[in-house]
Amino acid sequence: MNPEEQGREDSARDNSGLQDSGGEDSGSENSKRRAFLVKVNLGLGAFGALMLGAPVIGFLFAPLFRQIDRKWQSVGEVSKFAQGQTVEVEFDDASPLPWAGLSSKTAAWLQRKNETEFVAFSVTCSHLGCPVRWMADARLFLCPCHGGVYYSDGSVAGGPPPRGLTQYPVRINQGQVEILTSPTPIT
Ligand code: FES
């Protein structure tokens with residue numbers, strides 16, 4: 001091989017070496033770029049899911065952190081209620097919606113046990129929320145919607161209700177019977 005041919009061969013080898021090294025560089029840069037784009041995509045996806053899911057999560061968990069409005073409300077003078085009787089008493093819902101109007105009124109069944117003891121039950125059936133009625137002769141609460149029946153102490157006697165009637169705390173204050181009201185129980 002003459003010196004001229006030797007020079008050409010060396011130069012070709014050098015060029016080929018340069019090209020190989022350039023290919024590796026661009027390959028590794030491509031994979032870095034791809035990894036970066038994958039991370040960006042994942043980040044954007046997670047951000048989008050968070051933006052869509054936040055209102056739903058807030059809606060589901062807000063009731064757990066909401067302060068329950070409870071207040072004592074008078075339902076009448078003690079002397080108005082006869083011992084052994086169960087009567088319906090009305091009062092304002094403890095947490096009415098601003099537009100509730102008449103529907104902000106709710107009720108309870110009040111029983112006078114003796115001179116000083118009263119018991120109050122929510123009128124709301126624990127099955128699907130229909131108002132229950134007191135049947136004095138049978139001494140039972142009946143729910144007309146699906147035939148739920150409760151004993152006079154509010155426990156379930158029959159039908160689909162999964163639990164007894166909710167009870168409100170009751171007290172006598174300055175000659176008035178007062179019920180510690182809370183938002184109408186949602187079944
Ligand atoms: S709502 Fe009362 S039994 Fe169904």
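Q: How many bridges join strand 4 to strand 9?
A: This is a predicted model, where local features need pLDDT of at least 70, side-chain atom pairs count only at pLDDT 80 or more, and totals for chains, interfaces and linings use all residues. Residues are numbered from 1 along each chain as its sequence is written. Strands here are DSSP runs (E, at least two residues), numbered from the N terminus, and two of them pair if DSSP finds at least two bridges between them. Strand 4 and strand 9 run antiparallel, and the number of bridges joining them is two.

Q: Is Arg-112 buried or exposed?
A: Arg-112 sits in strand 3. The cut-offs count other C-beta atoms, placed from the backbone, within 10 Å: 20 or more is buried, 12 or fewer is exposed, and in between is partly exposed. Arg-112 has 20 such atoms within 10 Å, so it comes out as buried.

Q: How far apart in space are Arg-112 and Phe-81, C-alpha to C-alpha?
A: Arg-112 touches Phe-81, and its other contacts include Gly-84 and Phe-118; contact means C-beta atoms, placed from the backbone, within 7 Å. In sequence, Arg-112 and Phe-81 are 31 residues apart. In space, their C-alpha atoms are separated by 6.7 Å.

Q: How many residues does the largest nonpolar core have?
A: A nonpolar core is a set of buried Ala, Val, Leu, Ile, Met, Phe, Trp, Tyr and Cys residues joined through C-beta atoms within 7 Å. Ile-179 is among those with the most contacts inside the largest one, and Ile-179 touches residues including Phe-91, Ala-108 and Ala-120. Strand 3 (105-112), strand 4 (118-122), strand 6 and strand 11 (176-181) each supply at least two residues of this core.

Q: Which residue in strand 7 is the bridge partner of Leu-142?
A: Strand 6 (residues 140-143) and strand 7 (residues 148-151) run antiparallel and are joined by four bridges. They belong to an open sheet with the order 5-6-7-8, whose edges are strand 5 (133-135) and strand 8 (156-158). In strand 7, Leu-142 is partnered by Val-149.

Notes
Contact = placed C-beta atoms within 7 Å. Lists of a residue's contacts leave out its neighbours within four places in sequence.
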